[in-house]
Amino acid sequence: MAQRAAIILAAGVSSRMNTQMAKVLHEVCGRPMLGYVLDACRDVGAGKIYAVVGFGSEQVKEWFGDAEDIVWVTQDQQRGTAHAVMCCREYLKDFDGETLVLCGDGPLIRAKTLKTLIEKHEAEQAAATLATAVLDDPAGYGRIIRDVYGNIQGIVEDSDCSREQWLIREVNPSYYLFNNRILFEAVEKVRPDNVKKEFYLTDALSLIIATGHKVVAITAVRPEEAMGVNSRRQLSVASKIMQARIQRQLMANGVTIVDPDNTWIDARARIGQDTVIEPFTYIHGEVTIGSGCRIGPFAFVRHGTVIEDDVVLGVFTEVKNSTLAEGVRARHHSYLGDAMIGRHVDVGAGSITANFDGVKVNRTKVGDDCYIGSGAILIAPLELKDGSHIGAGTVVSQRNVNELGEGTEKDVSK
Ligand code: UD1
Ligand code: CA
């Protein structure tokens, strides 16, 4: 098997996105777009990944900086996708393997499709293999030009299309596998002869074909996978598609999602078997939920939360950066932030942890089998022993718990 490297193009300025941030850091279901593309490359065995960054490069490197398999390549001026590939020349010029080239703004790419691409490339012993997709609305994408026999002749960018070419619905999703040496021979020759005066990677493909090398394509790529995110609107469409994928996977894992259209679950969330997610629930960030739980309706579960098995979170309950042990009940209107809630604790309606004192965030620890009456305010930092009983409407601070002394904390009512 050939050695494999990957180049991810992620240096673009993205005027259409209208942002100060690097485009590839914009999130799809809680993860930057680039994260999905990196994972797809890793899943198909790309040993080293050359990420070409430019606009906002410091932010991008900071975000993914720890990853050892990424080589950061800087493209100072964004002169086009072929120019971006050229920036990797010093690293890859003597590499004798296969090089994947992908765009960082295509988060919907699936490893499965890349595998198909690689298999086709190797079976056909091609110089280059691309993917194509047929879209109802091909506007904005490079169009695939074929001769009368169906052989691919090249790709013409949207802004350079003739009237007839403009009607072609088969487009370039912009993921390719190249024989590395042939790729670099071709990108060197690309000239900016187009409306935008950019060096197009798509022209490198035409050059490879013109030189007589074999270029093949996998054609049955799903339209959704072809999507490049160039605008906020496309970001929201991509997020919707990703959300459906996340939910489909969770349901296959045995999670019930009562109303998928009115539920939002972060890509980083993990949820156990036989847990039921009721409508209008929003799970955001790294969250782990155990088995047999019931979450929502209208629950907001935030980053850093671990919910063990058999927990019930009801309406308008918000949990942030907290651990809820097995059997906890918080059925109505609660806020639990930076808390450790013990086993089988009953959190009454409207009870909250007051975790922020205006300067810093403090932690609350509630022991096992406690009862927190309705409307209680637990002022952090606070520690309640196992079996504590907090009367309804109580404002509990560590001082009044201490004043009550040993043995009396079982009833800390006002
Ligand atoms: C590109 C393809 C087009 C394809 C579409 C799919 C080219 C010329 N066109 O068009 O055929 O249908 O993607 O989404 O390749 N980038 C750099 N440096 C640059 C320019 C771009 O790193 O100098 C990066 C961008 O950050 C982006 C990617 O390359 O992640 C694609 O660039 P973009 O400007 O979005 O190209 P499209 O017009 O979408
Ligand atoms: Ca794009």
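A residue is taken to be near a molecule or strand if one of its heavy atoms lies within 4 Å of it. The structure is a predicted model, in which local features need pLDDT of at least 70 and side-chain atom pairs count only at pLDDT 80 or more, while totals for chains, interfaces and linings use all residues. Residues are numbered from 1 along each chain as its sequence is written, chains are lettered from A and ligands numbered from 1 in the order in which they are written, and side-chain values use heavy atoms, with hydrogens and water left out.

The protein chain contains ten helices and 36 strands; helices (H or I, at least four residues) and strands (E, at least two) are DSSP runs numbered from the N terminus. Along the principal axes, its C-alpha atoms fill a box of roughly 90 × 40 × 40 Å. Of its 414 residues, 52% count as buried, where buried means under 20% relative accessible area, exposed over 50% and partly exposed in between (1.4 Å probe, protein chains only).

Around ligand 1 there are 25 residues, of which G12, Q75, G80, E157 and N172 come nearest. This shell divides into eight nonpolar, twelve polar and five charged residues; Ala, Val, Leu, Ile, Met, Phe, Trp, Tyr, Cys and Pro count as nonpolar, Asp, Glu, Lys and Arg as charged, and the others, Gly among them, as polar. An oxygen atom of ligand 1 is placed 2.8 Å from a side-chain N or O atom of T81. For the side chain of D105, the corresponding distance from an N or O atom to a ligand oxygen atom is 3.2 Å. A backbone N or O atom of A10 lies 3.5 Å from an oxygen atom of ligand 1. Taken alone, ligand 1 exposes 750 Å², and the protein buries 91% of that (Shrake-Rupley method, 1.4 Å probe). The elements that give two or more residues to the shell are β1 (4-10) and α3 (81-86).

Two further sites were examined. T129, in strand β7 (residues 128-131), is buried, with a relative accessible area of 1%. Its side chain makes a polar contact with the side chain of H121 (2.7 Å); a polar contact is a pair of N or O atoms within 3.5 Å, and within protein one must be able to donate a hydrogen and the other to accept it, residues adjacent in sequence counting only if both atoms are side-chain atoms. A220, by contrast, is exposed, at 77% relative accessible area, and lies in the loop between β13 (215-218) and α9 (232-252).
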